[in-house]
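Here is a short tour for anyone meeting this structure for the first time. Have a look around, then read on.

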Amino acid sequence: MPHAIEVRKVPIHSVADASELEKLLDEGVLEASRVVAIIGKTEGNGGVNDYTRIIADRAFREVLVARGADPEAVSQVPIVWSGGTDGVISPHATIFATLPEGSVEPPRDPEEKRLTVGFAMSEVLLPEEIGRSGMVTKVADAVKVAMERAGITDAADVHYVQTKTPLLTLSTIADAKSRGEDVFTEDTLYSMDVSNGGTALGIAVALGEIEMPRDEQVLKDRSLYSSVASCSSGVELDRAQVVVVGNARGVGGRYRIGHSVMRDALDADGLWEAIRDAGLDLPERPHPSDLDGRLVNLFLKCEASQDGTVRGRRNAMLDDSDVHWHRQIKAAVGGVTAAVTGDPAVFVSVSAAHQGPDGGGPVAAIVDLG
């Protein structure tokens, strides 16, 4: 049986700051050796050359080692950074740690489900596999391993799958060519969408949301998507890092997760549906004050609608040559989300191909049930 989970969201005060993690460890809220995953937003450009992710990764791992965790074990902890805090989005990290056995009251109802976390790494993803069936298959295999480690046997209990995968760079494209292979695209920024989309399809396959797609459907058939996938990519690794977050019986603890989808960039109701799905009772027309400190965080992916409209109104994001649409839609959805939560420290990440409906995206909510 997996251990109960403690979840804390902390602000990041500068690019290399991990002082709030230090405080939690020093105050005994968390143990360094029990941190099992970190998911956060950094203030870089969110692009191929966003090195704030690497800086933050190093800062958080160094703190864990300095507070007594085994360096080899720390190197294996999945830490997923999404670069880009456009608009009001505030840099922050959500930290997941197991609690010692006996430190949590056993659940009064053995059927009650509470938060559980599992993680896995896929096999190495070759550059020619990114956005193709090789990636879909390897990601799906890793998701199944992470589910098993989380103690989840029913895919319906999976509410959030956060991944980090490699995108294409000039050097990895050259590597593929040197072996006589080609790649999905030689546009390195576009390869972020390709990597995220291929990964999302792998998650959808693992959870039984879709059948195995054909290569020609990747980034083309947007009717194929996962409602729980949240995929980011970068230059930091050469395989898929998979974190599965769901609910399981018998785990115990204070937290539960739920999910829904935003049907478009303005769908605030989709955010409230995710919070209700996690277990909070809310009035028919909720207000941020109704959350009463019980929402730990919302995790979203967003995407500009492929038809260039929102609710029938034309926008110019996809035609804008000055500011990439990644930054515009992220800022817009970040504002909608912060208006719902009353807190701009929300995990809103862009490039949501095959993650939720076109023009919208998946939403996961973690709540503290006390």
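How far apart do the C-alpha centres of domain 2 and domain 3 lie? They lie 22 Å apart.

## Before we start

This is a predicted model, in which local features need pLDDT of at least 70 and side-chain atom pairs count only at pLDDT 80 or more, while totals for chains, interfaces and linings use all residues. Residues are numbered from 1 along each chain as its sequence is written, and side-chain values use heavy atoms, leaving out hydrogens and water.

## Domains

The chain is split into domain 1 (5-98), domain 2 (113-245) and domain 3 (254-368), with bounds that come from an automatic or database domain assignment.

Where domain 2 meets domain 3, 30 residues of domain 2 touch 29 residues of domain 3 (contact means heavy atoms within 4.5 Å). Together the two domains bury about 2,200 Å², 58% of it on carbon and sulfur atoms. Buried area here is the accessible area (1.4 Å probe) that two parts lose on being put together, summed over both. On the domain 2 side, Leu115, His159 and Arg222 supply 30% of the area buried against domain 3, more than any other three residues.

Now for some helix pairs. Helices are DSSP runs (H or I, at least four residues), numbered from the N terminus. Axes are lines fitted to C-alpha atoms over the stretch in contact, and angles run from 0 to 180 degrees between N-to-C directions.

Helix α4 (residues 133-150) and helix α6 (residues 190-206) have axes that come within 7 Å and cross at roughly 50°. That is why α4 and α6 are oblique to each other (angles under 35 degrees count as roughly parallel, over 145 as roughly antiparallel, 65 to 115 as roughly perpendicular and the rest as oblique). On the α4 side, the contact includes Met135, Val136 and Val139, and on the α6 side it includes Ser195, Gly198 and Thr199.

## Helices α7 and α8

Helix α7 (residues 268-278) packs against helix α8 (residues 325-341) at an angle of about 50°, with the axes 10 Å apart, so α7 is oblique to α8. Ala268, Leu271 and Trp272 of α7 meet Val336, Thr337 and Val340 of α8.

## Helices α1 and α2

Over in α1 (residues 19-26) and α2 (residues 52-66), the axes come within 9 Å and cross at roughly 20°. The pair is therefore roughly parallel. Here Leu21, Glu22 and Leu25 of α1 touch Phe60, Val63 and Leu64 of α2.

Technical notes
Helices (H or I, at least four residues) and strands (E, at least two) are DSSP runs, numbered from the N terminus.
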